[in-house]
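Please read them alongside the coordinates.

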Amino acid sequence: MPPPSVKLDSSFAEKASPGTVPNPVLMLLALVLLMCAAPCEPASEALLLTARPSRPKEGGSMTLTCEMQATSQKLGAPVQFCFFRESQALGQGCSHSPELQLPTVWRKDSGSYWCKAKTLAIRVTWSPRIQIQVQGVPVWNVSLETQPPGGQVQKGKKLVLICLATQGTGDITFSWYKGVLGLILETKTQRSLTAKFEIPAVTDSDAENYFCTADNGYHPSISELVSVTVRSPVSRPVLTLGAPGAQAFPGDMMELRCEAQSGSPPIRYRFYHEDIILGSNSTLSGGGASFNLSLTTEHSGNYSCEADNGLGAQRSEAVMLSVTVPVEDRKELLASGVLEGLLGTLGPTVMALSLCCWLKKRLGRREAEDPGR
């Protein structure tokens, strides 16, 4: 700023005539005023804005510092600092702190930054502008997970497809696709490394391959394919008994056939006589299972079977079986029974008679050996 002009006293001007020498005292006073004019005017203060770090990353913090020259300390007046990005004021307004902490910055915060300092005397100074580019981290290592785990879900239950990224900053756009051709199911954008897509109640048509993508503006990252299997509980099985003829006899080979009309394999079948398990069999590709039994007279009674594929076991209705004994076998059994009965009754008597005969023979031998007795 140019120094102010100095006005001499009017009386001196009037008294001084052209060609006369001015009063030395007045001249000395004017010279002092001219010499003091520039130093007494406050000097223009230089400001410098710096950022730490100078290349901040998305999601990280950044500190802005507005630095003044050392001559500003001579003013002795409070200084207020203001920070700006483009034309937008930052923080809570101006403050006496030369630093401003930005806890989290994103790519949209890139731009031109500058600061301003002012005193109570309404003296304002601006810093040069600096360009700050917030660095983003590309999305990387995207994967797709399912709930329930393993991609096996029961028909009618909820399926959750979880898309995850190992790293990536800023707003990430997640998309879910069905089938190898990529039928898009849903897209959502959020500031997170994980996003979920839900199918509230799956049907048979939801048994497919799925994949997802994540993109934060650099390049999309694609997950591997995940196979989803929709499993159905087994229906109530039906038990059929197969015998060679119209009647079952001891020694016959009988087939027990158990089959559930619906249900996702593998299915395990169990066969019961009354409540005693006879055996089990499994099918890996659906259909029923069989169990063969060699009949005896003890195999008469109720039979049932059970089907189970891990989603709940189902028991069949009971089927009655009567093992018939042939007439000839009945006669033999009757004769055998009578004989056993007679032996049971006459057994003690026969044993007593045998003992008597043995004793009699024993005594006879002794008399023969000793006749003089």
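1. Five aromatic pairs are found in the structure, which is a predicted model. Tyr-177 and Phe-211 make up a stacked pair, with 4.9 Å centre to centre and 10° between the planes. This pair bridges distant parts of the chain: Tyr-177 belongs to strand E12 (residues 172–178) and Phe-211 to strand E15 (residues 209–215), 34 residues apart. Both Tyr-177 and Phe-211 are buried.

2. Phe-174, Trp-176 and Phe-197 are linked into a cluster by ring pairs.

3. For Arg-191 the ring is that of Trp-106, with the charged end 3.8 Å from the ring centre. For Arg-315 the ring is that of Tyr-272, with a distance of 3.9 Å from the centre.

4. Cis peptide bonds deserve a check. The bond from Arg-52 to Pro-53 is cis, with omega near -10°; Pro-53 lies in the loop between strand E1 (47–52) and strand E2 (62–68). The bond joining Pro-265 and Pro-266 is also cis, with omega about 0°. Pro-266 is located in the loop between strand E20 (253–259) and strand E21 (267–273).

5. Positive phi values come next. Glu-86, although not a glycine, has a positive phi of about 55°. Glu-86 sits in the loop between strand E3 (79–85) and strand E4 (88–89), and is partly exposed at a relative accessible area of 39%.

6. Glu-274 is not a glycine either, yet has a positive phi of about 55°. Its place is the loop between E21 and strand E22 (276–283). With 38% relative accessibility, Glu-274 counts as partly exposed.

Technical notes
Residues are numbered from 1 along each chain as its sequence is written. This is a predicted model: local features need pLDDT of at least 70, side-chain atom pairs count only at pLDDT 80 or more; totals for chains, interfaces and linings use all residues. Side-chain values use heavy atoms; hydrogens and water are left out. Rings of Phe, Tyr and Trp (its six-membered ring) pair if their centres lie within 6.5 Å; planes under 30 degrees apart count as stacked, over 60 as edge-to-face and the rest as tilted. Helices (H or I, at least four residues) and strands (E, at least two) are DSSP runs, numbered from the N terminus. Buried means under 20% relative accessible area, exposed over 50%, partly exposed in between (1.4 Å probe, protein chains only). A charge sits over a ring if NZ of Lys or CZ of Arg is within 6 Å of the ring centre and within 35 degrees of the ring normal.
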